[in-house]
Amino acid sequence: MSLLELFLLAVGLSMDAFAVSICKGLSTQHLRPKHYLCVGLWFGGFQALMPTIGYLLGSTFERYITRYDHWVAFVLLLIIGGNMIKEALGSETEAEKDSSFGFKTMLVLAVATSIDALAVGITFALLPDVPILPAVSFIGVTTFVFSAAGLKVGNLFGLRFKKKAELVGGSILILIGIKILLEHLGVISF
């Protein structure tokens, strides 16, 4: 996986956290540095933790699914991307407007926005050229930055970019899944 692919994957994964951060920014009157740090650490931390867990699970069961790894990666990324696009086209819930930065609220949001990263971690275990530590660190840092930026964007502009961010993120994940499948089928090579 090239650095560009990893960056695009990290951006795609961070879009859920970015969208939730926009909602947090929208519902917070006065942003302080601790708010940026809070959303960045929660969302970035979980976006790094979940693919690590997925990688460990995928590595454990790799010998059972190696023959079908490209199909597994394709299906997982297609489902994740499709769900992001579906959420972008749906209506927002009241829970997304919650302005709390408390432990319980942030834990639930961090887990909810990083479940897709668990599946990506499984995919990483099946790909031969993904160094896991740099990859998950890159994803975590990217999500940290996007989450902090989303908080500011939400505070300044409201929900105008939320749906677009989710559409872009979902599309990126689907395209990466298609690329992985086509590479393993020998249709394309990079």
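Helix 1 has 25 residues, so at 1.5 Å a residue it should span 36 Å, and its end C-alpha atoms do sit in agreement with that, 35 Å apart. The expected span here is 1.5 Å times one less than the number of residues, and helices are DSSP runs of H or I with at least four residues, numbered from the N terminus. This is a predicted model, in which local features need pLDDT of at least 70 and side-chain atom pairs count only at pLDDT 80 or more, while totals for chains, interfaces and linings use all residues. Residues are numbered from 1 along each chain as its sequence is written, and side-chain values use heavy atoms, with hydrogens and water left out.

Helix 1 isn't straight, though: it bends by about 40° at methionine 15. The bend at a residue is the angle between axes fitted to the seven residues ending there and the seven starting there. Helix 1 is also mostly covered, with 19 of its 25 residues buried; buried means under 20% relative accessible area, using a 1.4 Å probe and protein chains only.

Next comes the pairing of helix 1 (residues 3-27) with helix 6 (residues 132-157), whose axes come within 6 Å and cross at roughly 35°. These axes are lines fitted to C-alpha atoms over the stretch in contact, and angles run from 0 to 180 degrees between N-to-C directions. The residues of this contact split into 18 nonpolar, nine polar and one charged. Nonpolar covers Ala, Val, Leu, Ile, Met, Phe, Trp, Tyr, Cys and Pro; Asp, Glu, Lys and Arg are charged, and the others, Gly among them, are polar.

In soluble globular proteins, nonpolar side chains tend to be buried together. The largest nonpolar core in this model has 29 residues, and those with the most contacts inside it include Leu9, Leu77 and Phe124. Such a core is a set of buried Ala, Val, Leu, Ile, Met, Phe, Trp, Tyr and Cys residues joined through side-chain atoms within 4.5 Å. Helix 1 gives the most to this core, with eight residues.

Leucine 127 lies in the loop between helix 5 and helix 6, and its relative accessible area of 12% is why it counts as buried. Phenylalanine 46, in helix 2, is buried too, because its relative accessibility is 17%.

Notes:
Helices (H or I, at least four residues) and strands (E, at least two) are DSSP runs, numbered from the N terminus. Buried means under 20% relative accessible area, exposed over 50%, partly exposed in between (1.4 Å probe, protein chains only).
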